[in-house]
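This report describes one protein model, topic by topic. Please look over the sequence and the structure before reading on.

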Amino acid sequence: MYGGIGMKKKSKKVVYTLLIVFLFAMAVMTIVSRIMNESHIPEVETQTPRSGTLVLEAVGRGVTRFGTLEDTRVEETQFFEDTYFVEGYFFEKDYLDNVSVGSMVKLSIEGESIEGTLVAKMYNYREDTMDVLISLPEGKKYAAGCEVDFVLEDARVKYPTCISRELVYEGDDGYYIYVLKEQNSILGNITIAVKTPIHILAQNERAVAVAEELASDVQVILKGVPLEDGMRVRKREW
């Protein structure tokens, strides 16, 4: 009788021991699995949007003229006598907000590159353009009525939301970025990459101005890691 009780106690002890070992093994496997999964999660870098001033190229078109200035919106003393000048407009009127009279403008007249001077700019309410008058270098004759393309290379325009070009992707459906967002899951809080469409207002070689009002604490993911919408990622900690 006592021998049977002893055997039962030993059996229970063995069962408890095996159960503890099993639970410990499961815990170890879970930790190892989590570590392995974590090691396969792409590590990404992020940047935040900001307001900024972009240095842009203001592009325009006009026509060569010869004579005295007859535009009532400009002081008559701009041209004292008959002279060659270009009458035209810039396509993006906002680019001229911080451009002062006297700025140099590069023109292409009949295939020849010429540098002129911005002598006047006037907003055209009817056409919603920025009309301009550009004086041409003296000592040379130009064909009046000739179509002219011109560019002002150092237009500076301020935008409320700017991001680096390194953040922007281009697809068949337009431009987009990936934003880092937190999400609740069975593993707790995780971070994922969310594909977010954007509309570009202006851009140069380094930065892009977007129409969307992105909050200053939004984490935008840099290029470098292949991403998909909803993909789990981990922010690099410096």
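## Asp131 and its polar contacts

The side chain of Asp131 is in polar contact with the side chain of Asn124, at 3.0 Å. A polar contact of 3.1 Å also links the side chains of Asp131 and Thr129. The model described here is a predicted one.

Asp131 belongs to strand β7. With a relative accessible area of 11%, below the 20% limit, Asp131 counts as buried.

## Overall make-up

The protein has 238 residues, and buried residues make up 35% of them. Among the contacts with a separation of 6 or more, 69% are between residues 24 or more positions apart.

## Strand pairing around β15

Strand β15 covers residues 231–235 and runs parallel to strand β1, residues 43–44, with two bridges joining them. In this pairing, Glu43 is opposite Arg234 of β15.

Strand β15 is also joined to strand β11, residues 188–198, by three bridges, and these two strands run antiparallel. Here Ile192 is the residue opposite Arg232 in β15.

## Nonpolar cores

The largest nonpolar core holds 30 residues, and the members that touch the most others are Tyr95, Leu107, Phe150 and Tyr159. Two or more residues of this core come from each of β3 (50–67), β4 (83–90), β5 (104–109), β6 (112–124), β7 (129–135), β8 (147–164) and β13 (207–210). Strand β8 gives the largest share, seven residues.

What does Leu107 touch, leaving aside residues up to four places away in sequence? The residues in contact with Leu107 include Val86, Ile114, Ile134, Val148 and Phe150. Glu112, Glu115 and Asp149 are also among them. There is a second, separate core of 12 residues, and Ile163, Leu167, Ile198 and Val218 are included in it.

## Aromatic pairs

The position of two aromatic rings is described by the distance of their centres and the angle of their planes. The protein has eight aromatic pairs. In one of them, Tyr84 and Tyr142 are edge-to-face, with 5.4 Å from centre to centre and 70° between the planes. Tyr84 is in strand β4 and Tyr142 in the loop between β7 and β8, so this pair ties together parts of the chain that are 58 residues apart in sequence. Both Tyr84 and Tyr142 are buried. Together with Phe66, Tyr84 and Tyr142 form one aromatic cluster.

Tyr89 and Phe91 have ring centres 5.5 Å apart and planes at 85°, so this pair is edge-to-face. Are these two residues buried or partly exposed? Tyr89 is partly exposed, at a relative accessible area of 31%, and Phe91 is partly exposed as well, at 42% relative accessibility.

## Charges over rings

Lys195 lies over the face of the Tyr176 ring, 4.3 Å from the ring centre. The charged end of Lys223 is placed over the ring of Tyr169, at 5.1 Å from its centre.

Ser51 is a residue of strand β3. Its relative accessibility is 44%, which counts as partly exposed.

Which residues does Ser51 touch, not counting those up to four places away in sequence? They are Tyr159, Pro160 and Thr161. The C-alpha atoms of Ser51 and Lys158 are separated by 7.5 Å, while the two residues are 107 residues apart along the chain.

## Two residues with positive phi

Most residues other than glycine have a negative phi. Glu110 is not a glycine, yet it has a positive phi of about 50°. Glu110 is in the loop between β5 and β6. At 62% relative accessibility, over the 50% limit, Glu110 is exposed.

Asp128 also has a positive phi without being a glycine, with a value near 55°. The loop between β6 and β7 contains Asp128. At 38% relative accessibility, Asp128 is partly exposed.

How values were computed:
Residues numbered from 1 in each chain as written. Predicted model: local features only at pLDDT ≥ 70, side-chain atom pairs only at ≥ 80, totals over all residues. Heavy atoms only, no water. Core = buried A, V, L, I, M, F, W, Y, C linked by side-chain atoms within 4.5 Å. Buried < 20%, exposed > 50% of the residue type's maximum accessible area, 1.4 Å probe, protein only. Helix = DSSP H or I, 4+ residues; strand = E, 2+ residues; numbered from the N terminus. Contact = heavy atoms within 4.5 Å. Phe/Tyr/Trp six-rings, centres within 6.5 Å; stacked < 30°, edge-to-face > 60°. Lys NZ or Arg CZ within 6 Å of the ring centre and 35° of its normal. Polar contact = N/O pair within 3.5 Å; in protein donor to acceptor, adjacent residues only side chain to side chain. Pairing = 2+ DSSP bridges.
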